[in-house]
Each structure stands twice: as C-alpha cells, then as structure tokens.
Amino acid sequence: MLLELENAVLSYGKIEALHGISVQVAEGEVVSLIGANGAGKTSTMRALSGVRGLSAGKVVFEGEDVTRLRADQRMRKGLVLTPEGRGIFPGMSVTENLNMGAYTRKDKSAIDEDYDRVFGLFPRMSERRKQVAGTLSGGEQQMLAIGRALMSRPKLLMLDEPSMGLAPMLIQQIFDIITEISKQGTTILVVEQNAKQALSRSDRAYVLETGRIVKTGTGAELLDDPSVREAYLGV
Amino acid sequence: MDFDALFSGLDRHTLDGITRGSIYALVALGYTMVYGVMKLINFAHSEVFMVGTWTVLGVYTVLGVSTGETLPVVIGATLLALLAAMIASAGTALAVERIAYRPLRKKGAPPLIFLITGIGCSLVLVELFGQVFEVLFGPPFGRVTVNIPSVLETKELFTIPGIDLTITNTRVIIIVGAIAMMMALDTFVNKSRLGRGVRAVAQDPDTASLMGVNQNRVIMLVFVLGGAMAGVAALLYTIQYDITKFDIGFIIGLKAFTAAVLGGIGNLRGALVGGLLLGIAEVYASTIWSSEWANVTAFVVLVVVLMFRPTGLLGESLGKARA
C-alpha cells in the first residue's frame, strides 16, 4: 500500500470529527472519498497531510510511519495536498504560485520540464503567467492549484473538493484533467461532494458519514448501490 | 507658534526629518516582518535595537578608537561596528524567538500570552544592561546615559547653492545606508526563493507548509532579518546622536512601531513611508512649537491616519506586497 490511514481519531477541542477511520490507497489507483457536508472529508485530508495532528491512530506512507511528521516533512516525501478552497497565494503571480509547488526542489532543468507539462495540461495558465493569482476565476484558480501540486512531483496527489464552486462544464473539465494526471502515472486520492463524477472516475471509493466510513467498494459498485444512489446521487 | 521658523528653514527641517525617519523605518521593518508572518507584535524588538547600540560602543572600546582617527581607521572601525551590531541584534532577536516564543507556539498559546511574553523579554534585556551588567562589570553599564565616541565625525560635504542647504557626510551615510538596506531586503523578499517562502507563510501558513515550507525556519529568518536591520539602525543612531542608554530602545521602539502601523503593518514599503513621514512630522512640530511636541504630533498623526485608513497608508500585508 502506498498510503494507509489506520483507525484515525481527530478532534477539534472537545469535538471529535473522525471516530477511528481507516483508508487505504495503492500505487496507481484513483480513490475517492465521498460524503455530505460535515462528514469529515476535509478533516481526513488534514490528518493525512499533517496540517492537523491525530489524537489516535496512524498514517503510514510507503511503509513508513509519518504520523509524527509535520506537513512540510510529509510533503517532501511526496504526500501532497491541494487544500479545500484551493489555497492559492492570492498576492503572487501564476508563475510564482507554480514556483511554490517546486519550493523544495533544486533540479532546475527538471523543474523547467514540469512547467512545460503543467502549461500543457492547462494552456490557460500559460496565457496568464504574469497575472496575480487572486484575480483569476474560480476554475482557473483550481487549475492553478492542481498545477502547483504537480510541480512538486507528488507520489500521491490529494485533492480536497476540486469541483467546489465550479460550473458543471468546468467540473467535467477538471475531472478530465484528474483522469489524465492519473494516466500519466500519479496516484490520486480525491475528496468530493460531487459523488457522481467522483465515483465514475475512481477505481475505488469510501463513503464517509459523521466521521465514520460506512461503505467501501469499487466506483462502479457504489454507483449501483441503492443507498448510495438515494443519499448522494439524488436518484 | 512659530511658522516662520519652519518655512524659513523648510529644506533643512525636512532633511532632519528624513534622517530621523530613516532610523525609525529600519527598526519598523522588524515589527512589520514579524507581524507579517506571525500576526504578533514583538515588543522585545525595541531592545534588539538597544543591544545594537551597546555593541557599537563595545567595538569602539575594544578597538580603542575615538574622535580624530585617520580615514582608513574610521571606515574600518565603522564597518566592523556595523557588522557586530547586526550580528548582536540578529542574535538577540533569534534568542527571543527560540527561548520565549517558540515554546509558546508549540503549546498553541493564545495571542495575549505572546504579547506579555514579549514585554517580559523587553524588561529582562533592559534590566540586564541597566542593572545586572552594572553589578557584574561596573560602568559604563547602569542607568545613566553613556557617550559613544563619534568615530565618524560630522563634516560638511557641500552646500546646495541657492537654497543654502548644507549636506554633511553623516546625513548622507544615514539616509543612503538606510534606504540601501531596505531596498536589499525588499529585493530579497520579492525575488529570492526564501523570500517567496516568507511571503507564502504570510499569506497562508497552512498552505505554505503543504508546499514544503518549514514555518519555524521562516519565522527564524524574519527575526534574524528584522534584528539585523535594527542593528544597522543602531549604528546609524550612534553616528547621529553619539549616545546610548539602557532604556534607549523604549522610545525608538514605540516610534518605529508607530511608523510600521502608520505605513500599514505587515508591509515592508509601508515601514519606509511611515518612518519618513513620522520623522518629518516630528521635526516640523518641534520647530513650530517646541521639541516636547514631537511625540504628541507623532501620535496625533497616527490616530488621524488610523481613523481614516485603519490598515495604514499602504495597507496591505507582507504577503501581498509585490515588486
């Protein structure tokens, strides 16, 4: 397994947000985590990335226990999160934002290759290199955030609600790009409220409800599951 | 009220104000950078400056230099004092961060605790020079004003014809030195990789750490940079005023903090604008009324500006400040 989250418990003060959840991601997979607002999707991502510490349980990445490592240390190991709400740096230009993705890297020629790769995936970013990121549209900011994450050459790319606040056509486009990134060889864990898109694009998925995993299976299985259809697909 | 005095020598008073303001601006950088990344007013920063002035005295004493040395000696001694003051001030700032603030950050202490800790550090440093060192080493430590030899003597360089404005060497050194240091810092923050890390933490600390930025390192860096700038300010101050005292940091720190808020705290260029404006306002006020009015004016200016522009004149954060 590339990533294992084991019996993770996460609390905000006295409120427990995750009551011991376990998630696994194998190399090359696209895995999604679906659930309603407040189900604990973002908390799971925070726990995995190290932004927030666990009160119990552990995070194992490439066979190594990274539970005690800070977010920047985990990132250096290839565990990279694009946070909810995109988390771009609004005062920096598009190029500077992408540069931040390569902050820990020193291999200049390979970084230049990755610029080309990102601009290939997102031609729009190439047109707006000098523009201040805060002035981009929501869809463009999401593309920038994903592009920035790719600049770090992640082993596991974690995306927290990439479709948030985007028009249906853009959602489609973002997921096409996620599929493309996966084809190029990056393992992906995506958290989504848009269950239909997420399930149809994933190898496997977990359903999260009030801080617990209630169901797991392949994307296709969950798409056909009556209770999932009723709760998340509105059928 | 004597407006004639102001207008008859407006050019001279403005130059005085810019000189004074340059020093405020350099010290203000330390407040503004630390605020930018930590949202904390480091009240110990005034003493970081104070330590710098004592270091200058220390270097001159060890070298045994005084007024009337040859030019190479003057240059050498001044540069050495500059370097030593920068190191001592940066070291003091770093020590405050490591010993006082970092343990609090680890515990996730509320902001008020940081402020009180800062004031505590400030008192410790003041009493170190005003009391402890006096007991241990005797004079010049203690609670009296100490003269620092004016190794770099004031000389008239030239007079601008027509307006009869005399330019002295110390004026040029203070103003040019301060502005050059600020430009260097501005370039570092806006152009270098580490500078980008600083801006990233200022804009969004969590996301910055997701990009692999080590927050502790960035915080240490801003304390060191702010401290070094206070060290430069300390040397320039001793060139202009030839004195130091155990509590010299208090009023300069207060003014520099005011300058930082005036320009927009968290903004590097705001520190420069705020510092110069404050310096000029003070000198004008002391010319029109008397020197006791300098402080009153400084704080009236602050209150008025904040009434109309609560974020300060330039009013954007360190993160958003762009080249």
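Residues are numbered from 1 along each chain as its sequence is written, and chains are lettered from A and ligands numbered from 1 in the order in which they are written. In this predicted model, local features need pLDDT of at least 70 and side-chain atom pairs count only at pLDDT 80 or more, whereas totals for chains, interfaces and linings use all residues.

Helices are DSSP runs (H or I, at least four residues) numbered from the N terminus. In chain B, helix α3 covers residues 45-63, 19 residues in total. From its first C-alpha to its last, α3(B) reaches 28 Å, close to the expected 27 Å, where the expected span is 1.5 Å times one less than the number of residues. Of the 19 residues of α3(B), 15 are buried, so the helix is largely enclosed by the rest of the structure; a residue is buried if 20 or more other C-beta atoms, placed from the backbone, lie within 10 Å of its own.

Two packed helices are described by the angle between their axes and the distance between the axes. Axes are lines fitted to C-alpha atoms over the stretch in contact, and angles run from 0 to 180 degrees between N-to-C directions. In chain B, the axes of α2 (residues 10-38) and α6 (residues 169-191) come within 9 Å and cross at roughly 35 degrees. The crossing of α2(B) with α6(B) is left-handed, that is, the near helix is turned anticlockwise from the far one by less than a right angle (clockwise for right-handed). Residues in this contact include Leu15(B) and Ile18(B) of α2(B) and Ile174(B) and Leu185(B) of α6(B); two residues are in contact if their C-beta atoms, placed from the backbone, lie within 7 Å. By class, the contact has 13 nonpolar, two polar and one charged residues. Ala, Val, Leu, Ile, Met, Phe, Trp, Tyr, Cys and Pro count as nonpolar, Asp, Glu, Lys and Arg as charged, and the others, Gly among them, as polar.

In chain A, α3 (residues 94-101) and α6 (residues 138-150) pack at about 40 degrees, with axes 7 Å apart. α3(A) passes α6(A) in a right-handed crossing. Val94(A) and Leu98(A) of α3(A) and Leu144(A) of α6(A) are among the residues making the contact.

The contact between the chains takes 17 residues from chain B and 21 from chain A. On the chain B side, α7(B) gives the most, with five residues.

How values were computed
Helix = DSSP H or I, 4+ residues; strand = E, 2+ residues; numbered from the N terminus. Buried ≥ 20, exposed ≤ 12 C-beta atoms within 10 Å, placed from the backbone.
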